[in-house]
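Please read through the structure shown here with the text below beside it.

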Amino acid sequence: VRMIPLERSQCYHGKMIPLDMSQCHYGMCNRFGWQVNLNRYHLNVFTMLLDCPKCAIIGIALRNADDVLVRHRVGLSYSGLQTHIASALVRIARPQLGQVVLDPMCGGITVGIEGAYNHPGTIFLNSDLSLEDVEIGGRNIDASRNADVASRVSSWASSSTNLPLVDGSVDTIIVDMPWGKRCSSPKQNRKLYPQLLREWYRVLRDQGQVYALTLERKLMTRLVETLDLKWLLVDRVQCTVGFKVYLFHLVKNI
């Protein structure tokens, strides 16, 4: 008996706006004999229509999405990143062998654990104001059952504006900043962000880098330009991670 695969389709055009999926995937379902089921499906199909006529990129997820979202985690912090986003941030930062990477707002230590798995020989330091989140992160480290990963990931509870680190001791900072939605507020961020940038500038080595994910595009841009610190704005990229947010790449420019 031949099993008929059930599929769920998601379709976007170049500006990431959902389109009418019935038209987009009718041809594929008809060609391969798939049936649509949004809840219990075997295939998760993604299609992006390009600007050129009759051009599209089609992908089929090879793993269960839930397996990716919760890998290496037994506990979730209040506002932690999903694992695939954390992993992508570390890949973008490209930490090198022997370097020290800091996540000063680590939550459940998702960035540190994903980074340690994918970048052998790199040290990942993690700090968070919430002792509860740090403890959750500790359980996630233990759950990895990987001695090498556990040996290169450390964590503690402290404020990101007053880190227990000596000057110039960190090569790269990778951080998911408060967006002013679930955590903090735009008013609080206007006071908090300058303090964060000053403290991160202190602990970074010369030419050290920051990769910061935030919704506060205007505030972050203004502070980089006006603070009495020599931040170099290398890039600012818009990303879609549920919200349209921005990834800032800064360098401590002496």
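Predicted model: local features only at pLDDT ≥ 70, side-chain atom pairs only at ≥ 80, totals over all residues.

Residues are numbered from 1 along each chain as its sequence is written, and side-chain values use heavy atoms, with hydrogens and water left out.

The protein chain has 8 helices and 11 strands; these are DSSP runs numbered from the N terminus, helices being H or I of at least four residues and strands E of at least two. Of the 254 residues in the protein chain, 44% are buried, where buried means under 20% relative accessible area with a 1.4 Å probe, protein chains only. The accessible surface is about 14200 Å², and carbon and sulfur atoms hold 54% of that; the areas come from the Shrake-Rupley method with a 1.4 Å probe. Among contacts with a separation of 6 or more, 69% are between residues 24 or more positions apart, a contact being heavy atoms within 4.5 Å.

The chain holds 1 aromatic pair, counted when the centres of Phe, Tyr or Trp rings (for Trp, the six-membered ring) lie within 6.5 Å. Tyr201 and Trp231 form this pair, with 5.2 Å centre to centre and 80° between the planes. The pair is edge-to-face, the term for planes over 60 degrees apart. Tyr201 belongs to helix 7 (residues 186-203) and Trp231 to strand 10 (residues 231-240), so the pair links parts of the chain 30 residues apart. Tyr201 is buried at 12% relative accessible area, and Trp231 is buried at 8%.

Lys252 lies over the face of Tyr201, 4.9 Å from the ring centre; the rule asks for NZ of Lys or CZ of Arg within 6 Å of the ring centre and within 35 degrees of the ring normal.

Note on methods. Buried < 20%, exposed > 50% of the residue type's maximum accessible area, 1.4 Å probe, protein only. Phe/Tyr/Trp six-rings, centres within 6.5 Å; stacked < 30°, edge-to-face > 60°.
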